[in-house]
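Here is a short briefing for a reader new to this structure. Start with the view below, then read the points by topic.

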Amino acid sequence: MRKIVLINPWIYDFTAYDLWARPVGLLYLASIIKNNIEDKEIHFIDCLDRFSEDVRKKLKFPPSKEDGRGKFYKERIKKPEIFSDIPRFYSRYGITEDMFIERLLKIGKADLYLVTSTMTYWYPGVHRAIEIIKKLFPESQVWMGGIYPSLLYEFAKKNSGADFVFKGRAENSILPLLKKLGFKVKEIPVFKNMDELPYPDYSLQSRHPYLPFMTSIGCPYRCPYCATKILSPRFFQRDVKNLFNELSYYKEVYGIEHIVFYDDALLINKRRRLLPLLNTLKKNSINFSFHTPNGIHVKEIDRETADAIFESNFKTLRLSLEIGVEKLTDKLAPKLKLKDFEKAIVNLINSGFKRKQLETYILFGHPLQKAQDIRDSFKFVSQFEVPISFSYFSPIPGTEDYNGLVEKGVIREDEDPLIQNKIAFVYLKSNLKMEEIKEIKEAVSQYNTKVKS
Ligand code: SF4
């Protein structure tokens, strides 16, 4: 029997909150491996696990909200030199290193460790996990994939310590590679799109208070700061029947109540996808609470859509506005006009949503933004008395904005990717002064307390 251990590593950052995250890509690979490899054992170590019994018993941190969101356990760690001027603490989020080692030893030496990753600037957590595995089991293979190496392949290859690094999606490359490594592969299917993939293997998780779900992948828009077009160049929308079957399966097998849509473009072509899906669920009396942490396109929220999502129990909505000043919308939010936001709010309120449910994302720290633009965006949104959430700008490698910043010499291509950290960029490279950051954040925090109550 050959062993594969899947690893979701820690987050190293100034701040982190679990907004229903799950390493879905890794869990898709788990299903592909499970279905197509013989004589194998699959294990999963989730460093960001907040739910398992030992985590809850051994670590002290606040309980989750009723819908599953919550704080991670964290330990303050030494700030990298590059962050020394930032007046914030830096932490490792997730289980302790001792618990990670304990879990690795309990499973014993594996043939292969598959480590996933997310943000480029969280690479220290990924590299640390690989370092520990390599120290304990130097003869085992460690492969690394996910968003970070897909955007920063050369850096990851050179610095991660992994034996193999995936660039881009791994669903079609994993089985041929496992075959080369000597695993007994029954079959090598070719997955042409998301609808052909097996469901992510959520059975590997310790508990199921919620599940992330995607009805589409990619986005038809091309915002200059967004990596979606690099990671998923083609906008693919899944078939309604498959979506319905998958959600029914989760209800039946895990009794799931909270479904978290992680689409980048959930409402695009809504009449062919989301609305029929919600309708079919309703007809079959399959009920969930839905959440949209990624932000939905306000331009798409007409009265019919607002009514449908209200009746289908959308509990947490995040609205993507990005910028509340007309002169910047063409450049920073080509997907909408300010009047679209106004109409969307009216439709949502008339459908029954409370204002405090309509949290709105505003960009913070984009190179084109001056402090006054953020104050003006705040002023624009505050007319509607809905909460505001800042979407901190991060220069993501390969995006138009990143390339522009490199051309202007604001950042260097060979600079430590830690500079891509959204908090670091705002403090060290944006147009905002320290006192302006503080003033705007305090004003918005006071405003949020008022509108949320
Ligand atoms: S609309 Fe959203 S997901 Fe689409 S490109 Fe713009 S920021 Fe990215």
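Between domain 1 and domain 2, 1 residue pair is in polar contact, with both residues at pLDDT 80 or more. The model is predicted. The count of salt bridges between domain 1 and domain 2 is 0.

**Layout**

- Domain 1 covers residues 2–185.
- Domain 2 is made of 215–393 + 430–452.
- The C-alpha centres of domain 1 and domain 2 are 28 Å apart.
- To the contact, domain 1 gives 13 residues and domain 2 gives 16 residues.

**Buried area**

- The size of an interface is often stated as the accessible area lost when the parts come together.
- Domain 1 and domain 2 bury about 1000 Å² between them.
- Carbon and sulfur atoms give 62% of that area.
- Which residues of domain 1 lose the most area to domain 2? They are Leu19, Trp20 and Leu151.
- Together, Leu19, Trp20 and Leu151 make up 45% of what the domain 1 side buries.

**Residue types at the contact**

- The side of domain 1 that touches domain 2 has 6 nonpolar residues.
- That side of domain 1 also has 6 charged residues and 1 polar residue.

**Cysteines**

- A disulfide is a covalent bond between the sulfur atoms of two cysteines.
- How many disulfides does a search of the whole structure find? The search finds 0.
- Is Cys223 buried or exposed? Cys223 counts as buried because its relative accessible area is 8%, under the 20% cut-off.
- Cys226 has a relative accessible area of 26%, so Cys226 is partly exposed, between the 20% and 50% cut-offs.

Note on methods
Residues numbered from 1 in each chain as written. Predicted model: local features only at pLDDT ≥ 70, side-chain atom pairs only at ≥ 80, totals over all residues. Heavy atoms only, no water. Domains from an automatic or database assignment. Contact = heavy atoms within 4.5 Å. Buried area = accessible area lost by both parts, 1.4 Å probe. Salt bridge = Lys/Arg side-chain N within 4 Å of Asp/Glu carboxyl O. Polar contact = N/O pair within 3.5 Å; in protein donor to acceptor, adjacent residues only side chain to side chain. Nonpolar A, V, L, I, M, F, W, Y, C, P; charged D, E, K, R; others polar. Disulfide = S-S within 2.5 Å. Buried < 20%, exposed > 50% of the residue type's maximum accessible area, 1.4 Å probe, protein only.
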